[in-house]
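Below is a briefing on helix packing in one model.

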Amino acid sequence: MWAPDIYEGSPTPVIAFLSIAPKISISANMSRVSIVASYGGTLQQIFFFCSIASMILGALAAMAQTKVKRPLAHSSIGHVGYIHTGFSCGTIEVIQSLLIGIFIYASMKIDAFAIVPALRQTRVKYIADLGALPKTNPISAMTFSITMFSYAGIPR
């Protein structure tokens with residue numbers, strides 16, 4: 001639960017790196033373990049329930065936030081669950097789809113953290129301030145909307 005505080009207090013480029021690099025590293029290492037070692041049903045269930053808990057915790061905690069960067073931290077927690085749900089299956093096909101998922105996740109994060117500094121320049125710090133963004137900066141509003149829709153999985 002320390003992630004939202006780190007996201008709020010750290011510079012945006014540092015957060016962008018720290019939100020992407022560890023997840024890629026963990027996923028790569030778990031992929032290697034999944035390919036080399038055949039783990040049993042108990043470990044698959046642990047992966048599954050930890051993934052579900054991460055998704056639920058990230059979604060519920062993000063709904064109570066008021067600042068722009070904090071929901072990005074909670075969505076990062078939730079997306080770890082989405083990405084790592086595939087490890088509960090343990091097949092090569094799932095590992096291949098996880099690589100695609102990690103690429104899409106990294107693209108979304110890069111896009112989101114490219115938009116956040118632009119929002120800060122227009123004095124948008126709170127989520128409530130986003131209501132005036134289409135009038136003040138319509139391009140940033142459209143880009144931010146598309147990015148947030150991709151976080152929600154639209155279109156799928």
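Lys69, Leu72, Ser75, Ser76, His79 and Ile83 in H4 meet a set of H5 residues that includes Leu98, Ile102, Tyr105 and Met108; contact means heavy atoms within 4.5 Å. Helices are DSSP runs (H or I, at least four residues), numbered from the N terminus. This is a predicted model, in which local features need pLDDT of at least 70, side-chain atom pairs count only at pLDDT 80 or more, and totals for chains, interfaces and linings use all residues. Residues are numbered from 1 along each chain as its sequence is written, and side-chain values use heavy atoms, with hydrogens and water left out.

**H4 and H5**
- The axes of H4 (residues 69-84) and H5 (residues 92-121) come within 11 Å and cross at roughly 180°; axes are lines fitted to C-alpha atoms over the stretch in contact, with angles from 0 to 180 degrees between N-to-C directions.
- The two helices, H4 and H5, are therefore roughly antiparallel (an angle over 145 degrees).
- Nine nonpolar, three polar and three charged residues make up the contact of H4 with H5 (nonpolar: Ala, Val, Leu, Ile, Met, Phe, Trp, Tyr, Cys and Pro; charged: Asp, Glu, Lys and Arg; polar: the others, Gly among them).

**H5 and H7**
- The axes of H5 and H7 (residues 138-152) come within 10 Å, crossing at roughly 145°.
- On the H5 side, Ala112, Ile115 and Leu119 are among the residues that meet H7, whose contacting residues include Phe144 and Tyr151.
- This contact of H5 with H7 has seven nonpolar, four polar and two charged residues.

**Leu119**
- Leucine 119, in helix H5, counts as buried because its relative accessibility is 1% (buried means under 20% relative accessible area, with a 1.4 Å probe and protein chains only).
- Leaving aside residues up to four places away in sequence, leucine 119 touches Val68, Val124, Leu130, Leu133 and Phe144.
- Leucine 119 and phenylalanine 144 are 25 residues apart in sequence and 9.0 Å apart in space, C-alpha to C-alpha.

Methods:
Angles under 35 degrees count as roughly parallel, over 145 as roughly antiparallel, 65 to 115 as roughly perpendicular and the rest as oblique. Buried means under 20% relative accessible area, exposed over 50%, partly exposed in between (1.4 Å probe, protein chains only).
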